[in-house]
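Me: I am new to this structure and would like to learn how to read it. Could you take me through some of its features in turn?

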Amino acid sequence: MAALLEMKGIRKEFPGVVALDGVDFSVVPGEIHALLGENGAGKSTLIKILAGLYTPDRGTVVFRGEQLNGLSPQQVQARGIAFIHQERAYIPYFTVGQTLFLGREPSRGAGLIDWPRLYRKASEELVRILGLEIDPHAPMESLTVSEKQLVDITKALITNPSLIVFDEPTGPLSEGEIERLFAVIKRLKSQGVTVVYISHRLDEVFQICDRATVLKDGKNVTTLEVKDATPDGIVRLMVGKELKEKFPKVVASIGDPILEVSNLCRGHVVRNVSFKLRRGEILGIYGLVGAGRTEMVRLVFGADKKDAGSIMVEGVPVIINSPREAIDQGIALVPEDRRGQGVIVEMSVRDNVTLPSLKGFSRAGFVASRRERAAVQNFVKQLNIKTPGIDHFVKYLSGGNQQKVVLSKWLCGSAKVVIFDQPTIGIDVGAKTEIYRLMGKLVSDGAGVILVSSEIPEVLGLSDRILVMYRGRITAELSREEATPDRLLFYAMGGGVADVQ
Amino acid sequence: MSSNTVRGGTMSSRKLRWAGVRNRSHLAVRVLTIGLFVGVCVLFAAMSPIFLMPSNLLNIVRQTALLAIMSFGMVSVIIVTHGEADMSVGGITGLSAAVAVVLLVRGAPTALSILAAIATGLAAGLLNGILVTKVGLLPFLATLATMNMAMGLEQVLTKGTYVPFADPFIGFVANENFLGVPASAFLLLLVYLAFYSLLDHMPTGRKIYAIGGNLQAARASGIDVAKYTVLTFALSGLSCGLAGVLLVGRLSGLTPLAAAPLLLDVLLAGYISSILSSVGAPSVSGALFGAMLVGVLSNGLAVIRVPTFYVNLVKGLLIIIVVAANALQRRRRSIS
Amino acid sequence: MHTGAENRPIVALRRPLLKWTFVAEYGTLAAFVTMCLVLSAIAPGFLTFDNILTILRQISVLGIISLGMTLVMASGGIDLSIGEALDAGALVSISLIAAGFGAVPSILGGLAGGLVIGAINGLLVAGFGVMPFLATLGVHSMVMSLEMVYTRGGLPIYPYGGVPASFNFLGRGFIGPVPFPVVALAACLLLFYLMLHRLTLGRYVYAVGENPEASRLSGVNVRLVTFGSYVIASVIAAFAGIILASRVSSGQPLAGEPYLLDSIAAVFMGRTVSREGKASILGSLVGAAFLGTVMNGMTLLNVVFYMQTFIKGALLLGVLALASYARTRRT
């Protein structure tokens with residue numbers, strides 16, 4: 001059959017990283033085609049090229065026989081390709097109806113918007129497309145995360161596109177909502193709409209997809225018929241190497257509790273979380289998007305205000321109401337949003353590394369320049385940060401090297417507890433492995449590490465113990481031996497929880 | 001579970017929608033502001049018999065018309081820039097007025113002079129828009145620079161002194177009654193309807209609100225952000241051009257920099273609209289109310305013979321309170 | 001979203017366009033030198049010892065204020081009330097002199113006036129989270145009207161009992177051949193240079209200015225740094241006001257207003273001098289010198305005052321546009 005979408009020989013290079021290296025991706029009409037791969041395999045780069053957000057260095061994109069290279073995102077969408085992004089920005093004070101019809105409001109002549117018709121149509125479309133009974137007058141900001149996403153999907157489907165790309169759409173959805181979404185996708189398929197489905201949840205792929213293309217490290221691994229494949233087989237294709245090699249697990253001797261958190265609460269986001277972290281231990285925290293992991297560790301670090309809860313460091317109760325107080329207790333956070341919160345891109349490597357511990361490099365308020373430079377130089381060497389010099393701005397470094405700068409910040413202040421929040425997102429494989437090794441070094445030096453991650457192999461490969469979060473609560477605690485991908489997912493999706501409300 | 005949350009969203013929005021009120025603190029702000037309006041009216045009426053006289057009420061309308069027209073442009077800019085402002089409104093109004101008066105003095109026809117003034121405002125607004133979108137300056141910096149240039153040019157055109165000229169038509173619109181109502185009220189109504197339709201009832205307005213609400217979301221929805229940002233600044237310039245013509249009528253000529261103090265009044269009207277709004281972004285109707293409040297305040301304080309510098313003091317204090325309230329509202333919204 | 005930033009090709013080690021790098025880094029300096037050469041050719045009396053001294057005197061007040069503005073802008077804000085802080089310094093100190101106080105309490109009183117204004121700004125911006133330009137605009141208009149109330153509609157304050165010699169020295173004295181205001185500028189320059197470029201405080205100021213959230217997560221007390229920037233800026237502006245008051249032996253209401261735009265312009269011109277386009281002490285000095293020389297040249301060439309406003313506005317606009325454009329071309 002002639003391909004609906006044909007991407008050929010796509011290459012895209014970012015500073016320091018080859019994101020895609022000659023990838024082919026072909027979708028035939030009417031199929032549901034899964035695009036699989038680990039984080040950093042190049043899935044989202046490929047989709048952004050399709051969407052017209054990135055320009056490929058090499059390669060062609062052909063849709064319905066028409067070359068799409070060089071078109072703007074709007075032009076791509078006008079040709080009948082719709083995108084449902086993982087986290088779509090929305091306008092908080094727009095109503096659902098206004099959001100659905102932004103840019104295509106029904107008119108009643110003289111250029112005026114026909115509001116009654118807009119809201120009537122909005123109600124109809126919400127019911128018709130996803131069977132939603134959301135009030136079209138409700139402001140977007142009053143909706144839950146999943147409702148927002150469902151509105152977003154409805155919006156994309158109103159235009160009747162011929163190809164829809166779902167980028168990990170089920171993250172924030174409950175099981176009932178996922179089933180409803182799958183029903184919609186199947187109905188779309190029966191109407192002849194083609195779907196590209198990006199996910200790292202294999203059960204979903206086996207439930208709805210016809211074919212799957214697997215990417216690894218920016219290259220094609222294979223394209224296969226889903227019905228001929230097994231989950232294990234696909235995992236092997238995605239991961240490639242054995243887990244052991246990829247995640248250099250350092251077994252350190254586990255000592256006394258270094259951090260004890262009890263009854264941590266913040267609104268509905270974090271509910272009554274308690275746990276202990278021991279010296280030399282890597283504590284994994286797994287959960288789906290929106291489970292409250294990031295929010296929880298931010299509370300531990302004092303970045304947000306907690307409603308209740310207490311924290312002990314090395315057995316001593318401590319008061320932590322600001323990051324400064326956490327840092328003074330030896331707690332460090334490597335935040336999820338590296339460019340926005342981890343580093344200050346418009347400052348030098350040196351400025352960034354010593355920012356939290358600058359007082360230690362000063363005498364009477366003056367920066368002790370020579371001592372500072374020596375220390376930073378040492379970290380650059382030790383962590384193998386690729387930069388032309390320590391006065392080079394961080395914005396010029398690659399993602400992996402930026403992350404190493406964040407790490408240096410905390411190593412420089414000799415932290416006892418290091419919290420990593422999704423530390424390897426958007427980082428190339430080589431740098432990933434180095435960051436894993438540094439985690440190992442931290443625990444063997446007697447620190448405790450908390451690893452928040454969405455990647456099951458990463459959590460399984462590195463953690464000594466794993467906590468699973470679901471809707472702001474810890475729903476399971478699994479030892480390294482007990483933990484399997486299935487069990488993590490089971491608890492992360494609310495399995496085993498009696499009272500959900 | 002999901003049906004619960006869906007119903008929840010429905011109920012909360014229905015319960016509150018009848019009054020357009022977001023939450024209790026927002027209700028309090030509304031009651032306070034409207035109470036303030038009524039309160040000052042009662043106060044002025046009690047303190048001076050002149051305040052409630054028909055001639056004075058008509059005078060308030062005339063004074064407010066100029067201010068309100070400028071405020072409509074200002075709220076458009078506040079909306080599209082998510083809270084930043086157009087600092088050049090006073091400067092552009094003065095420059096437009098100078099262009100009109102200089103042309104009139106040289107014997108140009110009234111229509112041509114009016115058009116030239118409006119075109120001047122439009123051009124200055126376009127300059128603002130281009131500085132913000134193409135050159136990438138912060139809105140307040142770009143408009144601050146434009147303000148200064150416009151004021152300089154205004155002084156160059158008027159040679160720094162009062163230029164008298166009484167044009168019968170412009171004077172009529174600015175100062176006389178038509179069907180028992182100030183003619184400027186009709187102009188105000190016209191401009192209000194134009195802005196209200198555009199921002200509240202046309203796709204263009206949706207786009208302007210979308211850009212200010214969430215830039216990324218607006219881009220993702222295929223909105224040409226630069227184009228509509230330029231358009232908004234141009235609208236603000238346009239309304240200032242119109243206000244400049246009115247100013248020439250009210251002053252029967254032009255005193256250089258007479259429009260400069262209007263910046264504060266217009267900002268006040270714009271940010272009053274912000275804190276009143278049910279959606280967290282100001283509206284044209286709110287700006288009309290804000291302009292009326294400022295107009296009544298200015299007039300009333302003058303009628304009860306409060307010296308000008310105390311009036312300015314009150315306005316300065318008011319703007320600090322209003323922007324602080326606005327900032328607190330925003331912070332609360334971003335936390336919840 | 002970060003697509004915008006990632007979308008742009010960030011070239012790590014490749015050389016950017018030479019031409020725009022040059023404009024961005026040396027354009028302002030080159031323009032300054034060119035202007036001085038042109039002025040010495042066409043303006044009689046430009047290159048005389050007396051005139052250079054005059055320029056230096058003129059620059060001293062603007063220069064000191066620009067230092068405060070540099071600090072605030074480096075911390076990511078703006079201070080539209082900086083002219084009123086200058087007025088506060090001038091009016092309070094001269095009023096105290098008029099009331100018979102000595103030089104020291106009068107100077108301290110003037111500085112305290114600036115401190116109060118800075119603290120209000122800092123409270124509004126750091127405490128309430130008001131946008132800096134709005135908060136300081138409100139304070140600007142309020143203090144301006146307070147001044148009018150205080151001076152009964154703008155009448156200058158003259159200390160009829162005479163001015164103590166020590167107070168007089170601030171504006172009119174000489175140390176060797178150098179006027180004291182110039183010495184004061186040099187001292188302030190050194191102080192601010194150390195503060196912004198050598199002390200830990202300066203590092204925090206720039207960090208907060210670039211990314212407050214990342215700074216907070218690195219343990220920086222963002223609110224305190226922001227608050228402090230406004231306070232220090234206002235106090236130094238009040239100091240400039242005291243020098244001005246001493247020079248004219250009176251308190252002129254609204255004397256600070258013209259300095260607002262000039263100081264902003266100076267900082268922005270200064271940003272074009274610094275390599276990475278950041279506000280810097282030496283850059284702002286170049287900017288202030290540039291502006292002071294322009295003003296001096298226009299006076300020598302008998303340009304009428306309203307033309308001067310226009311030319312300054314155009315100059316500011318040109319510099320802003322050029323700086324932004326050069327920077328976008330460079331990345």
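Reply: Let us begin with a term. Two strands pair if DSSP finds at least two bridges between them. The model here is predicted, and in chain A one such pair is β6(A) with strand β7 (residues 163-167), which run in the parallel sense over four bridges. Within that pair, A:A82 stands opposite A:I164 of β7(A).

Me: To which sheet do these strands belong, and in what order do its strands lie?

Reply: A sheet is read by listing its strands from one side to the other. In chain A, six strands in the order β6-β7-β8-β3-β9-β10 make an open sheet with mixed pairing. β6 (81-84) and β10 (219-225) of chain A are the edges; each has a single partner strand, so one side of each lacks a neighbour in the sheet. From one strand to the next, the twist averages 15°.

Me: Which helix packs on this sheet, and which strands does it touch?

Reply: Helix α5 (residues 145-158) of chain A packs there, in contact with β6 and β7 of chain A. The direction of α5 makes about 180° with that of β6(A).

Me: How many bridges join β13 and β20 of chain A, and in which sense do they pair?

Reply: Strand β13 (residues 282-287) and strand β20 (residues 448-453) of chain A are joined by five bridges in the parallel sense. As one residue pair, A:I282 has A:V449 in β20(A) as its bridge partner.

Me: How should I read a helix by the burial of its residues?

Reply: A residue is called buried when its relative accessible area is under 20%. In helix α1 (residues 43-51) of chain A, eight of the nine residues are buried, so the helix is largely enclosed by the rest of the structure. Among them are A:L46, A:I47, A:I49 and A:L50, and also A:K43 and A:K48. After α1(A) comes A:G52, whose phi is positive, near 85°.

Me: What span does helix α8 of chain C reach, and which of its residues are buried?

Reply: An α-helix has 3.6 residues a turn, so residues three or four places apart point the same way. Helix α8 (residues 180-197) of chain C has 18 residues and reaches 25 Å from its first C-alpha to its last, close to the 26 Å expected at 1.5 Å a residue. Its buried residues include C:L185, C:C188, C:L189, C:F192, C:M195 and C:L196.

Me: How is a whole chain described, for example chain B?

Reply: One may start with its elements: chain B has 14 helices and four strands. Its radius of gyration is 21 Å, close to the 20 Å that the globule rule gives for 336 residues, so chain B is as compact as a globular protein of that length. Its C-alpha trace spans about 75 × 55 × 35 Å along the principal axes. Of its 336 residues, 57% are buried.

Me: What are the corresponding values for chain C?

Reply: Chain C has 14 helices and two strands, and 55% of its 331 residues count as buried. It exposes about 13,100 Å², with 71% supplied by carbon and sulfur atoms.

Definitions and conventions. Residues are numbered from 1 along each chain as its sequence is written. Chains are lettered from A and ligands numbered from 1 in the order in which they are written. This is a predicted model: local features need pLDDT of at least 70, side-chain atom pairs count only at pLDDT 80 or more; totals for chains, interfaces and linings use all residues. Side-chain values use heavy atoms; hydrogens and water are left out. The expected span of a helix is 1.5 Å times one less than its number of residues. Buried means under 20% relative accessible area, exposed over 50%, partly exposed in between (1.4 Å probe, protein chains only). Axes are lines fitted to C-alpha atoms, for helices over the stretch in contact, and angles run from 0 to 180 degrees between N-to-C directions. Contact means heavy atoms within 4.5 Å. The radius of gyration is taken over C-alpha atoms; the globule rule is 2.2 Å times the number of residues to the power 0.38. Accessible areas come from the Shrake-Rupley method with a 1.4 Å probe; for residues, only the protein chains shown count as cover.
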